[in-house]
Amino acid sequence: MLQTLIALFACVSAVVASPVLLSERATSSACPRYTIINTRGTGEAQGQSSGFRTINSRVTAQLSGGTIYNTVYAAGFSQNSALGTADIVNQVTSTLRTDPGHCFILQGYSQGAAATVNALERLTGASFDAVKGVFLIGNPEHKAGLACNVDTNGGTTTKNVNGLSSFAGGIPSNWVSKTLDVCNYVSGCCPSEGS
């Protein structure tokens, strides 16, 4: 499942550009039930982030057993995403209490990416194992040099740049192999090379 979802997320432009028609939905024996936890960016209304709506619709249409959970927090201009971080952690841990075989994909856009990154260090043990992938766009905590850093084409032009809040937290080293941190110079997460 991880390879399927990460490949789909990494190829957002290809998926959006050409609809995939399947007569039957795929299933995953490793993760028959999964939740995509979607954390929106600053100023976006409660619900799914516009950055993930299309891809999530396609993933859940093609891979059965999935639901989308929209993180509950203000996503205000104060940039205080602590309630979003707490909601992500609560959603994972409370689901696992009743369904230990459940899998998760975490997504964050802009401020939602920061909320997601800040949740990672609190997701340990069974919670760490249950999260099969993390997909971030416009992460203000983007740290230079991480293997998970890609530009909008899946390349490395933004691998060695820092986000606007790179001094804060950042992706814990044990999470790097599960993460794609997509950064584009014009998105604000990567304001300038080497910054």
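L123 touches V89, V92, L106, F128, V131 and W175, leaving aside residues up to four places away in sequence; contact here means heavy atoms within 4.5 Å. L123 is also one of the residues that touch the most other members of the largest nonpolar core, alongside L106, I171 and W175. This is a predicted model, so local features need pLDDT of at least 70 and side-chain atom pairs count only at pLDDT 80 or more, while totals for chains, interfaces and linings use all residues. Residues are numbered from 1 along each chain as its sequence is written, and side-chain values use heavy atoms, with hydrogens and water left out.

**Overall layout**

- The protein has 6 helices and 6 strands, where helices (H or I, at least four residues) and strands (E, at least two) are DSSP runs numbered from the N terminus.
- Reading from the N terminus, the order of elements is α-α-β-α-β-α-β-α-α-β-β-β.
- Of the 195 residues, 49% count as buried; buried means under 20% relative accessible area, exposed over 50%, and partly exposed in between (1.4 Å probe, protein chains only).
- Among contacts in the protein with a separation of 6 or more, 75% come from residues 24 or more positions apart.
- The accessible surface comes to about 8900 Å², and 55% of that belongs to carbon and sulfur atoms. Those areas come from the Shrake-Rupley method with a 1.4 Å probe, and for residues only the protein chains shown count as cover.

**The nonpolar cores**

- The largest core has 23 residues. A nonpolar core is a set of buried Ala, Val, Leu, Ile, Met, Phe, Trp, Tyr and Cys residues joined through side-chain atoms within 4.5 Å.
- Elements giving two or more residues to this core are α4, β3, α5, α6 and β4.
- The top contributor is α5, with 5 residues.
- There's also a second, separate core of 13 residues, which includes I55, L63, C103 and V182.
- As background, nonpolar side chains tend to be buried together in soluble globular proteins.

- Helix α4 covers residues 82–98, 17 residues in total, and runs 25 Å from its first C-alpha to its last. That's close to the 24 Å expected at 1.5 Å a residue, the expected span being 1.5 Å times one less than the number of residues.
- The buried residues of α4 are G84, T85, D87, I88, V89, Q91, V92, T95 and L96.
- Cover for those buried α4 residues includes β1 (34–39), β2 (66–70), β3 (103–109), α5 (111–120) and α6 (126–130).
- Helix α5 is mostly covered, with 9 of its 10 residues buried: Q111, G112, A113, A114, A115, T116, V117, A119 and L120.
- What covers the buried part of α5 includes β1, α4, β3 and β4 (131–137).

- S127 sits in helix α6 and counts as buried at 8% relative accessibility.
- S127 touches V92, T93 and L96, again leaving aside residues up to four places away in sequence.
- G101 lies in the loop between α4 and β3 and is partly exposed, with a relative accessible area of 35%.
- The C-alpha atoms of G101 and A126 are separated by 9.6 Å, and these two residues are 25 residues apart along the chain.

- A search of the whole structure turns up 1 salt bridge, meaning a side-chain nitrogen of Lys or Arg within 4 Å of a carboxyl oxygen of Asp or Glu.
- That bridge pairs the side chains of R33 and D99 (2.8 Å, N to O). R33 is in the loop between α2 (12–17) and β1, and D99 is in the loop between α4 and β3, 66 residues apart.
- R33 counts as partly exposed at 35% relative accessibility, while D99 counts as buried at 15%.
- The structure holds 1 disulfide, defined as a pair of cysteine sulfur atoms within 2.5 Å.
- The disulfide joins C31 to C103, S to S 2.0 Å, and with -75 degrees about the S-S bond the link is left-handed.
- C31 is in the loop between α2 and β1 and C103 is in strand β3, 72 residues apart.
- C31 is buried, with a relative accessible area of 2%, and C103 counts as buried at 2% relative accessibility.
- C148 is buried too, with a relative accessible area of 2%.
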